[in-house]
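Student: I am new to this structure and would like to know what the terms used for it rest on.
Tutor: Then ask about one term at a time.

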Amino acid sequence: MVFRNSESGETFSFPISTLFDSNPTSIQLAAGSYSYESTVPQSGNLSTLPVQLAGNLTVTGDANAKLEGQTSAQLISFNTINLAESPKALQNPSVNLPQFESFYYGYFSTSTPLKFEVSVQNGSRFHWSWDPKSFFHNSFSFLRQGQAAENELANDPDFLFSHQKVPLSDKGFPEFIPAYNQKIFATPLKETSALQWIGDRLFTLNDGGNPAELYEINPETGSILRTIKIENASNADWEDLAASSTHLFIGDFGNNLGNRQDLKILKVPISGILNTNEVQAEVISFRYPEQNSFNSSNHRYDCESFIFWDEKLHLFTKPTEAGTTDHYILPAEHGNYDAFKLETIETPGWITGADLSPDQKFIVFIGYENAGFSTRSFVQTFSNLNSSVLNSANQNRFYLGSVANVSQTEGIAIFSSEKIKISGEQIQANGLTVPPRFGEIDLWGLLED
């Protein structure tokens, strides 16, 4: 800190302790009026809160003074329990967090989302990401079943404090993963129901009753870049997108009431999607051969997710009663077909979106529970794929938190295991509105056996 006497211009410099200490810093100045300014710590110094102090001070005698300042920084801390080493902040360059007693901690800028590589004692490694919040202290403890985290890192009273206790599975994976880089979609996308990468370009759509249009969006902000009209189609209930190397598929198979007899998938050339704003679609029509009634309130013939895999279309249904999904396959060519039921898969709730990784090594579902006000969104993963039967693959599930924080999650698109985009449509219930959100999750390290 540098103090300048307003009358004489004389300057006085004092170091300010940056340690966790209940004793305030004491300095001595002669009576008079002063301006003051601090030197902001160099970037990369994680142990120091980068505060820019500046203002004016009048000294009349012994007194406690609270100096004015500002910062865009936040505090992040990790309990050392169950961790093999200090978490690594994946910035440029990467750096391990310093340790204070039983915590690793660091102060970070809030200009971009944070991402850490966390190593657990059983050998598991994964990424942990979070959206920045100024004057916020986010503290994390990764706990095995039955463990407690009683200690908390000393916290600045001017910081808002959040201590998250994250359960670990038997594999050493977190049972909860945070969505980050979250944005709110503009009103035209309040009923967004799908996401699909085509190369490094990202597309979405709205569900039933909206125009028969696709939207190319900015992958970072979610803003609409282009609108593509499907000229020869209507939007009865569009629910998901899938892609081959040559075509984009639009799933017009939403069927909440179980009464539709016009289920179809629209097939559009990718060249048209990328280069024009109006395209024509081929139609793949289908039915579920097991469905004998079209007026039952409890049925298994709604569908909101599918993928293109092994030259076929794989559909995953959304039965009225949450907890399972039926896996059907269809040819990916124009025609009228009976869908072939391959298997039934247990799920944490309703499946509302799916995607296959570009290397075809894993599939990810997104959905949400049927639990009223306590409903959580989730992702369910299938890795080490060696056949079309998913029940034989390695499975994991991770919760994303309340739908109040991530919206009604319905879209998922894999760019890589470290960059998976998710989207959720607007919720309106009991006078409350949850806006449509667009975010990201990171599954690096979480897809192995």
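Student: Leaving aside neighbours within four places in sequence, which residues is Val379 in contact with?
Tutor: With that exclusion, Val379 is in contact with Ile177, Val364, Phe365, Ile366, Asn396, Arg397, Phe398, Leu400, Ile412 and Ile441. Contact means heavy atoms within 4.5 Å. This is a predicted model, in which local features need pLDDT of at least 70, side-chain atom pairs count only at pLDDT 80 or more, and totals for chains, interfaces and linings use all residues. Residues are numbered from 1 along each chain as its sequence is written, and side-chain values use heavy atoms, with hydrogens and water left out.

Student: Why is Asn235 called buried?
Tutor: Buried means under 20% relative accessible area, exposed means over 50%, and partly exposed lies in between (1.4 Å probe, protein chains only). Asn235 has a relative accessible area of 8%, so this residue is buried.

Student: What makes strand β12 largely enclosed by the rest of the structure?
Tutor: In β12 (residues 125–130), five of the six residues are buried, so the strand is largely enclosed.

Student: How many bridges join β11 and β12?
Tutor: Strand β11 (residues 114–119) pairs with β12 in the antiparallel sense over six bridges. Two strands pair if DSSP finds at least two bridges between them. Ser119 stands opposite Arg125 in β12.

Student: Why is the pair Glu117 and Arg125 called a salt bridge?
Tutor: A salt bridge is a side-chain nitrogen of Lys or Arg within 4 Å of a carboxyl oxygen of Asp or Glu. The closest N and O atoms of Glu117 and Arg125 are 2.8 Å apart, and the pair forms a salt bridge. At 15% relative accessibility Glu117 counts as buried, while Arg125, at 36%, counts as partly exposed.

Student: What does the pair Asp442 and Lys115 tie together?
Tutor: Their side chains meet in a salt bridge at 2.8 Å, N to O. Asp442 lies in the segment after β38 (437–441) and Lys115 in strand β11, so the pair ties together parts that are 327 residues apart in sequence. Asp442 has a relative accessible area of 4%, so this residue is buried.

Key:
Helices (H or I, at least four residues) and strands (E, at least two) are DSSP runs, numbered from the N terminus.
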